[in-house]
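Hi there,

Here is the structure I promised to pass on. Have a look at it first, and my notes on what turned up follow below.

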Amino acid sequence: MTFKELNLIQPLLGPLDKMGYTKPTPIQEQSIPHLLGGRDIFGCAQTGTGKTAAFALPILQMLDAAKIGPRSGIKALILAPTRELAIQIHENIVLYSENMNISSTVIFGGINQHSQVQSLKKGVNILIATPGRLLDLMQQGFIKLNMVTHFVLDEADRMLDMGFIHDIKKIIPKLPEQKQTIFFSATVAPDIKKLADTLLKKPVSVEVTPVASPSELVDQSVYFVDKNHKRTLLKHLIKENNIQQALVFTRTKHGADKVAKELSKSGISAEAIHGNKSQNARERALAGFKNHEIRVLVATDIASRGIDVDKLGYVFNFELPEVAETYVHRIGRTGRAGSEGVAFSFCDKEELPYFKGITKLMKRDIRKVEHPFNN
Ligand code: AMP
């Protein structure tokens, strides 16, 4: 299957070729025809599957066909749970739409609203937003959603986890009844299903890499290790494998800081990103990581959402997540869109129940590796 066979138009094919997308990913193959046909979609897919292009390409194509202009108003609204993800979706849309006369902008909280309001005033066709800032600017009268024809709720499960449901419930009534709705979630818990049912009209369900069987491309191993030896083991594995770029997950912000500090001390450049850091500091760390100035990024789960680094080779679960699905999200950061990845997990005694939950969800064993760092 090629993008051309999916009936995408020439102005989109050029940029895709330039970006090195040779063929559609499964979620793109499944979603694009339905979306071009005007259907609503309930998509179960995690980051790394190519879901952004799966919704962005058909929306761009439909807006291009509608011959919209700078004064047509906001035609597409894309809601994302984190600023990182919102920025990344926007960056992708800018790249995909370089041959089109369609304007897009991104708004998110944590920074002064002035520049965002200025770009809204210029006229925006595609708005990518985090819920809080969107609502805020709507209430101030800077944003009208009455022209929206395409509405995307991305990472709906994270939205609910992060407590955005109230904001979302206030935003939805401001959208026209008649529109195409696209709903993406990595997991399908009952509350997700309920929200989807209220939003979608006769949706087509598409699903890739179901949560219980994450990418077979990720090589997963586990090290049973005492809590106080984890940092030594981490440094050892980074050095032994000559790892130049890795994402390390901790459960807490404080833990992230401690790990980053210790790595830096031993000559492995590292930064922590989490909710206590300023927007600037987070963006700086992410940029440094992307351009290989920083070898290791230490992140909490929420901060890690939306980190999009092509061909991220290594993920460390320095601490195991309490919720098994989070493990799947984490290792989904590696081995993305066809490239291979490695996930190392550290498990101490207290984390054994979490580990059991993970293997149960995955329906498979994770390779156990012996090491010399216990006592
Ligand atoms: P996403 O799941 O949307 O976050 O996409 C994950 C990564 O895959 C991003 O870096 C995309 O640029 C990339 N990507 C998306 N679609 C394709 C494709 N068809 N071929 C190669 N890479 C892709």
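A polar backbone atom of Gly 50 is 2.8 Å from an oxygen atom of the ligand, a polar contact (a pair of N or O atoms within 3.5 Å; within protein, one must be able to donate a hydrogen and the other to accept it, and residues adjacent in sequence count only if both atoms are side-chain atoms). Thr 49 brings a backbone N or O atom to 3.0 Å from a ligand oxygen atom, and Lys 23 brings one to 2.9 Å from a ligand nitrogen atom. In total, 16 residues surround the ligand, counting those with a heavy atom within 4 Å of it. Tyr 21, Gln 28, Gly 48, Gly 50 and Thr 52 are the closest.

Please keep in mind that this is a predicted model, where local features need pLDDT of at least 70 and side-chain atom pairs pLDDT 80 or more, while totals for chains, interfaces and linings use all residues. Numbering starts from 1 along each chain as its sequence is written, and side-chain values use heavy atoms, without hydrogens or water.

Next, helix α4 (residues 83–96); helices are DSSP runs of H or I, at least four residues, numbered from the N terminus. Eleven of its 14 residues are buried, so α4 is largely enclosed by the rest of the structure. Buried means under 20% relative accessible area (1.4 Å probe, protein chains only). Among the buried ones are Arg 83, Glu 84 and Tyr 96.

Finally, Asp 167 sits in helix α8 (residues 165–171). Asp 167 is buried, and the nearest side chain of opposite charge, Lys 170, is 4.8 Å away.

Best wishes

Note on methods: Helices (H or I, at least four residues) and strands (E, at least two) are DSSP runs, numbered from the N terminus. Buried means under 20% relative accessible area, exposed over 50%, partly exposed in between (1.4 Å probe, protein chains only). Lys and Arg count as positive and Asp and Glu as negative; His and the chain ends are not counted. A salt bridge is a side-chain nitrogen of Lys or Arg within 4 Å of a carboxyl oxygen of Asp or Glu. The expected span of a helix is 1.5 Å times one less than its number of residues.
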